[in-house]
Amino acid sequence: MVMTEEQARVRQQTKRILNRFGRRRGNLVPILQKVQGEIGYLPREAMLEIAEFLDMPEIDVYGVVTFYNQFRLNPPGKHSVRVCLGTACHMKGGYITLDAWKRRLGIDRGQTSPDREFDLDTVACVGCCVMAPVTVVDDKPQGKVAPTKVDGILLSFKLEKERQGEESR
Amino acid sequence: MKITDLQSVLPAFQGIKSRAESQWRELRDGGKPVIMVGAATCGRAAGALEVLRAIKDELKKQRLDCPVVEVGCMGHCYAEPIVTISKPGYPPICYGYVNPVIAERLISEFILGDDPCLEFVLGALEENDLVPSFSDFPRAKFEKKVILKNCGHIDPEQVEHYIANGGYAALVKALQMQPEEIIDEVKSSGLRGRGGAGFPTGQKWEICRNAGGRPKYIICNGDEGDPGAFMDRAILESDPHSVLEGMIIAGYAIGARYGYIYVRAEYPLAVHRARLALRQAKKLNLLGKNILGSDFSFDIKLFQGSGAFVCGEETALIASLEGEPGIPHYRPPYPATNGLYGKPTLINNVKTLSSIRYIIQKGAEWFASVGTERSKGTAVFALAGKVVNTGLVEVPMGTTLRQVIFDVGSGIQGGKRFKAVQIGGPSGGCLPESALDLPIDFDSLTDAGAMMGSGGMIVLDEDDCMVEIARYFLEFTQRESCGKCTFCRLGTKQMLEVLDEITKGKGKIEDLDMLSWLAEDIKAGSFCGLGKTAPNPVLSTMSYFRDEYEAHIKEGRCPALMCRELIAYYIIPEKCERSCDACVGTCTVEAISANKKRIKVIDQEKCVKCGTCLDACPPQYNAVVKLSPPSQVPASK
Ligand SMILES: Cc1cc2nc3c(=O)[nH]c(=O)nc-3n(C[C@H](O)[C@H](O)[C@H](O)COP(=O)(O)O)c2cc1C
Ligand code: FES
């Protein structure tokens, strides 16, 4: 099979990360976390490379990746949206907030918008229950996110983008 | 330990301690006002970093030079962002609900001027004649801060602050004791594991010490999987060294060589601070080879969990450390004898470990003087939901639920009626009003059908549907079940389907019996705690709130007006104000329009029941209502 440029790049990048780890099975999860942290998700080539490095069956790497909620198999969007569905957030309407995000972005949880601007997912409690319902936008927890605040957040991204567009012109 | 080693421990620590103390003194008594900003995750979500920036900018603008310290969470999360100012001549004063504008005023009026801005005061940290202090609050009578004592009062990123406040003295003392003595002390303190099950900690340590096999491991369980709890996060973010100190003492007592702190990846700040604390401790030789010159060597690594609830279970946690999917193993053998890589492994919760230093330093008797007959010490709760004072609470074991919710938590928000309190997360249950006088301890809560759990406490009011919360937890455990046991994997799915139908008004009365049968089977047929306790939220709500289940089934009505399929939003024409358009503008799906008489009407087909219009309708009109069943909405003319 001929490797595309993208695939070759992923392999290179993964190799570089692997250099920092010992070949112990116990390092599997930390390796996956590091690779996802740098590439944004876990492409097939990265998993193949890791399996070879740790001398374990590819299917076992895949098994671990799909077991844990943290790992993703498709590329993320530019901005990440994580709606908290912990107990406090759920009871204060987190599910309504999630619906609002879905409606506005036109995607379901676990998906990335076609323009790759946003990816949407849920998380079970980020530990700021007192601010429920919480949505974590680009790693920053935002409190009391009702459907109208969803529109507000999206608007601020849009304005930001327009401003950047103007500046670069 | 050899006597020669002992002699080196104290002097080695003396130097560290006196340096830390002089640094602390310089901060506290340096003659300058000290500004502390609560910047744990809860504070940051409320805007603490913006406040911090505003303070620094204003100080610069006013050419003032006073130390600004980032601290952890004081527990008053409801009032975040919180700023504490200690100005010479004044008691340390704590301000709540601070925003950048208030922050600037505090600088210009209090630091520069001499007006302590009483309108923003939450309370003073010490008794004084000027401002009411926290100890005058009614809640102070019920609270007892032991493991939360440092939280919010020291900079968690500076080990010197911890040491100056008595930190690592317990380790020094422990290193001069025999390991058996330490274990005896922990045993007689009566400390029971704070991770949920309440297993006697000293006994676990003893089993692990006596187990053969080397090296031995210590694991700190900071997975905190209960999706509504944040105690462990707060401690790791606000006082990480207290956890390390407990781990090192445990390591010495059981003869371990390595330790792991297992923190969930959803807590990036806790991960960062624990990592930093490890580096600092290592630098001071409080960790590493020959700790403080003794012959005890111990290293700790940090491991990030990857978001699986079941990984809080000890054998699953070990599997994930070994690079496997987090699937529990059968016990016995217990990890204390056969744990990580088959070696003896001690697993304790964050709070269990952070209690250790107090037991060693102040003695087992002191620790055991607080609490009940069979549950000693204090209990830490993350109080959330519909209670007024959400936040972190530490009370002696034996305090009643009513005291925690109504005296410490100041009751229910918005003057609503209390309905239930959910304790123990997905493994726990919902307790009604009649159970509020139960003393909080491991045994009484279990008897009532809930569970101590690790400390999540969610208060529910009249607007919360008991069927829905049961369904919510089942959805959670169903998704998080690792799939190993058939009853857990398929049984929870079955229960969830039944509950789904009930919340949609499609349930049958026989379903309730079916739920009870399934619950018994799942409990009997699962081998880890996840499956064994998964039915608890359903069983407890069915026994205390059966009438709500019946209303859903028999009348298609949700008494709490929460289940979306069973409610409708309606604008009462007589109350709707012709000149007001508030709801029309805010409706996120454009389902509201005005009719010929300028009265607003909701298009029930388009309505997604998000409730925005109800919030938007000005209180003087109060025209939007929820109706259940939806058939109550009058047909439009
Ligand atoms: C499904 C499940 C989830 C658990 N989650 C946690 C957790 O998040 N944190 C924790 O400390 N213990 C958790 N436990 C309990 C641990 O298995 C273990 O008993 C505990 O960490 C022991 O520490 P302790 O003796 O200090 O309580 C969980 C148990 C089960 C069955
Ligand atoms: S439940 Fe959402 S932050 Fe805890």
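So, let's start at the ligand: the side chain of Lys204(B) puts an N or O atom 2.8 Å from an oxygen atom of ligand 1. That's a polar contact, meaning a pair of N or O atoms within 3.5 Å; inside the protein, one must be able to donate a hydrogen and the other to accept it, and sequence neighbours count only if both atoms are side-chain atoms. Before going on, the housekeeping: this is a predicted model, where local features need pLDDT of at least 70 and side-chain atom pairs count only at pLDDT 80 or more, while totals for chains, interfaces and linings use all residues. Residues are numbered from 1 along each chain as its sequence is written, chains are lettered from A and ligands numbered from 1 in the order written, and side-chain values use heavy atoms, leaving out hydrogens and water.

Back to ligand 1. Asn221(B) has a polar side-chain atom 2.9 Å from one of the ligand's oxygen atoms, and Gly312(B) brings a polar backbone atom 3.2 Å from a ligand nitrogen. How much of the ligand does the protein bury? Taken alone, ligand 1 exposes 620 Å², and 89% of that is buried by the protein; those areas are Shrake-Rupley with a 1.4 Å probe.

Around the ligand there are 18 residues, the closest being Gly195(B), Lys204(B), Asn348(B), Asn349(B) and Thr352(B). To be in that shell, a residue needs a heavy atom within 4 Å. It splits into three nonpolar, nine polar and six charged. Here Ala, Val, Leu, Ile, Met, Phe, Trp, Tyr, Cys and Pro are nonpolar, Asp, Glu, Lys and Arg are charged, and the others, Gly among them, are polar. Which element gives the most to the shell? That's β9(B), with three residues. Helices and strands, by the way, are DSSP runs numbered from the N terminus: H or I of at least four residues, or E of at least two.

Next, a helix pair in chain B. α19, residues 510-525, packs against α21, residues 536-544, at about 140°, with the axes 10 Å apart. The axes are lines fitted to C-alpha atoms over the stretch in contact, and angles run from 0 to 180 degrees between N-to-C directions. Among the residues that meet are Leu512(B), Leu515(B) and Ala519(B) from α19(B), and Val538(B), Leu539(B) and Met542(B) from α21(B); contact means heavy atoms within 4.5 Å. That contact divides into six nonpolar, two polar and two charged residues.

Most residues other than glycine have a negative phi, and most peptide bonds are trans. Arg214(B) to Pro215(B) is cis, omega near -5°, and Pro215(B) sits in the loop between α8 and β6 of chain B. Ser628(B) to Pro629(B) is cis too, omega near -10°, in the segment after β18(B). Over in chain A, Cys125(A) has a positive phi of about 65°, in the loop between β3 and β4.

Last, chain A overall: seven helices and five strands, with a C-alpha trace spanning about 50 × 45 × 25 Å along its principal axes.
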